[in-house]
Amino acid sequence: MRPLLSVVVVNSGGAADTMRCLESIERHPPDLALAARAGALPEVEVVLVDNRSRDGCLEMAQRRFPGVVTLEAPERQGFARNYNMGLRAARGAFVLVLNNDTLVHAGALTRLLDAMVNGPSYGMVGPRMVNRSGATQTDCARPLPTPASYVWQQLALDPGMLVGRLWERWIRRAIGRRASGPVACIGGACMLVRREALEQVGPLDEGFVFYYEDVEWCHRMWRSGWEVGYVADAQVTHLGDQSLSKVKVWAKRSEYLSALRYFRQYHRLTPVGAQVIWLVTCASWLLRGVVFLLAEALAGRRGYAREYFYLWRWVFGAGRACAE
């Protein structure tokens, strides 16, 4: 028999966040009575993978949480590879992929597991994720992206812009009113996976360096005959910045490359379609650079103009080659 639950957490240089995450798991464990219904042992296993960080995370974890299974990546590597290391080591009947910058609320693990035990068609479920202020995050229950939705996002709905912020606020309210049930896609910060589904569908696709790993996994679940579920009354705080209003150059570049890869894989993106995405991304990042430059001049303080101009230069050159 397997343990009821394995929790896989990855640390990539945020030891303080990781310790808080592990503390929240320890403070709010699931109801182990569910183990009998799931045909599992009433045990919770935590697997911590360290991505070659230099913050002493493994030593701290071993000292403060001696029951945690600790692994170290052979080299600095991407999101999917790190979590797949943990997935291979995990023994649980259910496996929770959990970001290290999350805090598990009371009852969340119990409600997620209960949804899986009562819903045998679910291969994966996720909670209602909230940010520091308690606002619902928009990626915890969402449609699968398409080339058209990506283009629309680039043209008008970037959360760094006014229209995008208004759209994000509306989506948050809609998700806040949404009941539990099947959804196309859940957020990658917290994903509970059934062992049978994991063995059938396989782990995260390591071809995605950052972004779209969770989207692709959800898509693969549905294609393999498993449902993906949203559990509205299970709450997890995600401390990371989900709005992308804080522009991270490496993240934006990775998002663009991952989008091309995903659309080629699942939407038969043609060379012409890839060129359209490239042109829209070029125009979007250049426009944002100009808008932020004007805002900086009016406000007298630095914004994100430099980052967007850097991104535009990159996508105009190297990014175009990737779309061809």
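In the predicted model, helix H10 meets helix H12 through Val249, Lys252, Arg253, Tyr256, Leu257, Leu260 and Arg264 on the H10 side. The partners in H12 are Glu307, Tyr308, Tyr310, Leu311, Trp314, Val315, Gly319, Cys322 and Ala323. By class, the residues of this contact comprise 11 nonpolar, 1 polar and 4 charged. H10 spans residues 249–266, and its axis lies 10 Å from that of H12 at an angle of about 30 degrees. Angles under 35 degrees count as roughly parallel, and H10 and H12 are therefore described as roughly parallel to each other. The crossing of H10 past H12 is right-handed.

H12 also packs against helix H11. H11 covers residues 271–299 and H12 covers residues 305–323; the angle between the two is about 165 degrees, and their axes are 8 Å apart. Because of this angle, H11 is roughly antiparallel to H12, the cut-off for that class being over 145 degrees. H11 and H12 cross in a left-handed manner. The contact of H11 with H12 has 18 nonpolar, 4 polar and 3 charged residues.

Within H12 itself, a bend of about 45 degrees occurs at Val315. Val315 is also one of the buried residues of this helix, together with Ala305, Glu307, Tyr308, Leu311, Trp314, Gly319 and Ala323. The buried residues of H12 pack against both H10 and H11. Glu307, Tyr308, Leu311, Trp314, Val315, Gly319 and Ala323 are listed in the contact with H10.

The loop between H10 and H11 contains Arg268. This residue is not a glycine, yet its phi is positive, at about 50 degrees. Arg268 has a relative accessibility of 75% and therefore counts as exposed, the threshold being over 50%.

Tyr150 is located in helix H6, which comprises residues 147–156. The relative accessibility of Tyr150 is 5%, so the residue counts as buried; the limit for this class is under 20%. Apart from neighbours within four places in sequence, the contacts of Tyr150 are Tyr212, Tyr256, Ala259, Phe263, Ile277 and Thr281. One of these residues, Tyr256, also belongs to the H10 side of the contact with H12. Along the chain, Tyr150 and Pro42 are 108 residues apart, and their C-alpha atoms are separated by 43 Å.

Helix H9 (residues 213–223) is largely enclosed by the rest of the structure, because 9 of its 11 residues are buried. The buried residues are Glu213, Asp214, Val215, Glu216, Trp217, Cys218, His219, Arg220 and Met221. Just after H9, Gly225 adopts a positive phi of about 95 degrees. Tyr211 is placed in the loop between helix H8 (195–201) and H9. Tyr211 also has a positive phi, near 85 degrees, in a residue other than glycine. With a relative accessible area of 23%, Tyr211 is partly exposed, because a value under 20% would be needed for the buried class and one over 50% for the exposed class.

A further helix pair is formed by H1 and H3. Helix H3 consists of residues 57–64, and H1 packs with H3 at an angle of about 25 degrees, their axes being 10 Å apart. H1 and H3 are therefore roughly parallel to each other. The crossing in which H1 passes H3 is right-handed. On the H1 side, the contact is made by Ala15, Thr18, Met19, Leu22 and Glu23. H3 contributes Cys57, Met60, Ala61 and Arg64. The residues of the contact of H1 with H3 divide by class into 6 nonpolar, 1 polar and 2 charged.

Ala33 occurs in the loop that joins helix H1 (15–27) and helix H2 (34–38). The relative accessible area of Ala33 is 51%, so this residue is exposed, given a threshold of over 50%. Ala33 and Leu4 are 29 residues apart in sequence, and their C-alpha atoms are 9.7 Å apart in space.

How values were computed
Residues are numbered from 1 along each chain as its sequence is written. This is a predicted model: local features need pLDDT of at least 70, side-chain atom pairs count only at pLDDT 80 or more; totals for chains, interfaces and linings use all residues. Side-chain values use heavy atoms; hydrogens and water are left out. Helices (H or I, at least four residues) and strands (E, at least two) are DSSP runs, numbered from the N terminus. Buried means under 20% relative accessible area, exposed over 50%, partly exposed in between (1.4 Å probe, protein chains only). Axes are lines fitted to C-alpha atoms, for helices over the stretch in contact, and angles run from 0 to 180 degrees between N-to-C directions. Angles under 35 degrees count as roughly parallel, over 145 as roughly antiparallel, 65 to 115 as roughly perpendicular and the rest as oblique. A crossing is left-handed if the near helix is turned anticlockwise from the far one by less than a right angle, and right-handed if clockwise. Ala, Val, Leu, Ile, Met, Phe, Trp, Tyr, Cys and Pro count as nonpolar, Asp, Glu, Lys and Arg as charged, and the others, Gly among them, as polar. Contact means heavy atoms within 4.5 Å. The bend at a residue is the angle between axes fitted to the seven residues ending there and the seven starting there.
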